[in-house]
Amino acid sequence: TLLTWSNSSSIAQQHQQKHQQQQQQQQQVRSYADGKIGADPDEVAELIESNIRRPTREEQDAQRATPRRLLTTRREALSLYRETLRYSNLFVHGDEHGRMWRDVLRANARAEFEVARHEPDPELINRMIVTGRDAVQHIVDSYMRKRQRIIAEETAEPRVPGM
């Protein structure tokens, strides 16, 4: 009976510790919800609970039936990174140090994304994504204008070999 009593007391202690941890987490959720995201503690707790528990078959079917949400900031950032890498292929000429501009642009893009990788502020992340998209679009537009100007100059002045 002593062994049974010690097992039941250790189980009770574990249960009590788990209950205390849950209360601490709820207090953290309440303090987080009060000041930072504008949600009440019940909404935050419900959000946490819905992400922890596995949805039923009916809930999964309902989720599939609804249209997907807009791209998350992570997907948008990855999309911007891939777009930057794709457009860097346009720059096949070398810089003053003999390196290909493509490689320089890729290295700089990688460094910029790595610096911003662990940024917690979603507003700042969105601002960086918008700024990045604008920069890529500006660079591509400049490249295309320069390319069109070069093509126009080549077609306007036919070159005669040997002159």
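**Starting from one residue**

Reply: Ile125 has a relative accessible area of 18%, so it is buried (buried means under 20% relative accessible area, exposed over 50%, partly exposed in between, with a 1.4 Å probe and protein chains only). This is a predicted model, in which local features need pLDDT of at least 70 and side-chain atom pairs count only at pLDDT 80 or more, while totals for chains, interfaces and linings use all residues. Residues are numbered from 1 along each chain as its sequence is written, and side-chain values use heavy atoms, with hydrogens and water left out.

Me: Which helix is Ile125 in, and what does Ile125 touch?

Reply: Ile125 belongs to helix α6 (helices are DSSP runs of H or I with at least four residues, strands are runs of E with at least two, and both are numbered from the N terminus). Not counting residues up to four places away in sequence, Ile125 touches Thr73 and Glu119 (contact means heavy atoms within 4.5 Å). Ile125 and Glu76 are 49 residues apart in sequence, and their C-alpha atoms are 10.0 Å apart in space.

Me: Which other residues of α6 are buried?

Reply: Besides Ile125, the buried residues in α6 are Ile129, Gly132, Val136 and Val140. An α-helix has 3.6 residues a turn, so residues three or four places apart point the same way. What covers the buried residues of α6 includes α4.

Me: Let's move to α4. Is Thr84 buried or exposed?

Reply: Thr84, in helix α4, is buried because its relative accessible area is 17%. Leaving out residues up to four places away in sequence, Thr84 touches Ala109 and Val136. Val136 is also one of the buried residues of α6.

Me: And Ser88, what is its relative accessibility?

Reply: The value for Ser88 is 1%, so Ser88 counts as buried. Ser88 is in helix α4 too. Apart from neighbours within four places in sequence, Ser88 is in contact with Arg102, Leu105 and Arg106.

Me: Where does Arg102 sit, and what does Arg102 touch?

Reply: Arg102 lies in helix α5. Its contacts, not counting residues up to four places away in sequence, are Ser88, Asn89, Phe91 and Val92. Arg102 counts as partly exposed because its relative accessibility is 24%. Between the C-alpha atoms of Arg102 and Leu85 there are 8.4 Å, although the two are 17 residues apart along the chain.

Me: New topic. What lines the largest pocket?

Reply: The lining has 30 residues, and Ala77, Tyr81, Ala109, Glu112 and Phe113 lie nearest the centre. The elements that give two or more residues to this lining are α4 (73-88), α5 (101-115) and α6 (122-156). A pocket here is an open set of points on a 1 Å grid over the protein atoms alone, where a 1.4 Å probe fits, with protein on both sides within 12 Å along at least five of seven lines; lining residues have an atom within 4 Å of a point.

Me: Last one: how many helices and strands does the whole chain have?

Reply: The protein chain has six helices and zero strands. Of its 163 residues, 12% are buried. Among contacts between residues at least 6 apart in sequence, 43% join residues at least 24 apart.
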